[in-house]
Amino acid sequence: MKITIKGLPELNKKLQRATNMTEYGKQLRIGCLLVKTDAKSRLLNGHSVTGRLARSISSKIEAVTKTSVKGIVFSNVVYAPYEEFGTGSRGSASFDPSLPSTPAGISFSQKVGRPAHPFLRPALRDKTPMIEKLLAPFK
């Protein structure tokens, strides 16, 4: 008895891509954990009083399309953007252009406000070389 499978080369290619995507996702998850850990330590070694903001930092991997994923490090605490970017004229004055870009929709009022105490953007900036090394085999 002889069994033939039509489309076997295409199936093997798809399985190989899925395996590579799984490995890529694992490395991306490690990269997110690096950023998450760094951001938490910045908060806990800084001016954190309760630790709530640090405890709220999470990460996840999301599928963008069938062939791509993205890693996200975030906080669901309502005051996280104010801590990251500051408010008012003090926030505007403490803006650091060397950090990754400010998302659209962030603006500073004319009030005095609070200075920025960035924790996520510096963590991403400092861990980017490590993440690039982790993901280099997949380029």
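Which residue in strand 2 is the bridge partner of Ser58? In this predicted model, the partner is Phe74.

## Strand pairing

The bridge between Ser58 and Phe74 belongs to an antiparallel arrangement in which strand 1 (residues 57-65) and strand 2 (residues 68-75) are joined by eight bridges. The two strands form a hairpin, with two residues between them.

Phe74 also takes part in a contact with a charged group: the charged end of Lys60 sits over the ring of Phe74, at 5.4 Å from the ring centre.

## Nonpolar core

The largest nonpolar core comprises 14 residues. Those touching the most other members are Ala39, Leu43, Leu53, Ile57, Phe119 and Leu120. Two or more residues are contributed to this core by each of helix 1 (8-44), helix 2 (52-56) and helix 5 (120-135).

With residues up to four places away in sequence left out of the count, Ala39 touches Ile57, Phe119, Leu120 and Ala123. In soluble globular proteins, nonpolar side chains tend to be buried together.

## Aromatic pair

One aromatic pair is found in a search of the whole structure. The ring centres of Tyr24 and Phe138 lie 5.4 Å apart and the ring planes meet at 90°, so the pair is classed as edge-to-face. Distant parts of the chain are linked in this way, since Tyr24 is in helix 1 and Phe138 is in the segment after helix 5, 114 residues apart.

Tyr24 counts as partly exposed because its relative accessibility is 23%. Phe138, at 32% relative accessibility, likewise counts as partly exposed.

Key. Residues are numbered from 1 along each chain as its sequence is written. This is a predicted model: local features need pLDDT of at least 70, side-chain atom pairs count only at pLDDT 80 or more; totals for chains, interfaces and linings use all residues. Side-chain values use heavy atoms; hydrogens and water are left out. A nonpolar core is a set of buried Ala, Val, Leu, Ile, Met, Phe, Trp, Tyr and Cys residues joined through side-chain atoms within 4.5 Å. Buried means under 20% relative accessible area, exposed over 50%, partly exposed in between (1.4 Å probe, protein chains only). Helices (H or I, at least four residues) and strands (E, at least two) are DSSP runs, numbered from the N terminus. Contact means heavy atoms within 4.5 Å. Rings of Phe, Tyr and Trp (its six-membered ring) pair if their centres lie within 6.5 Å; planes under 30 degrees apart count as stacked, over 60 as edge-to-face and the rest as tilted. A charge sits over a ring if NZ of Lys or CZ of Arg is within 6 Å of the ring centre and within 35 degrees of the ring normal. Two strands pair if DSSP finds at least two bridges between them.
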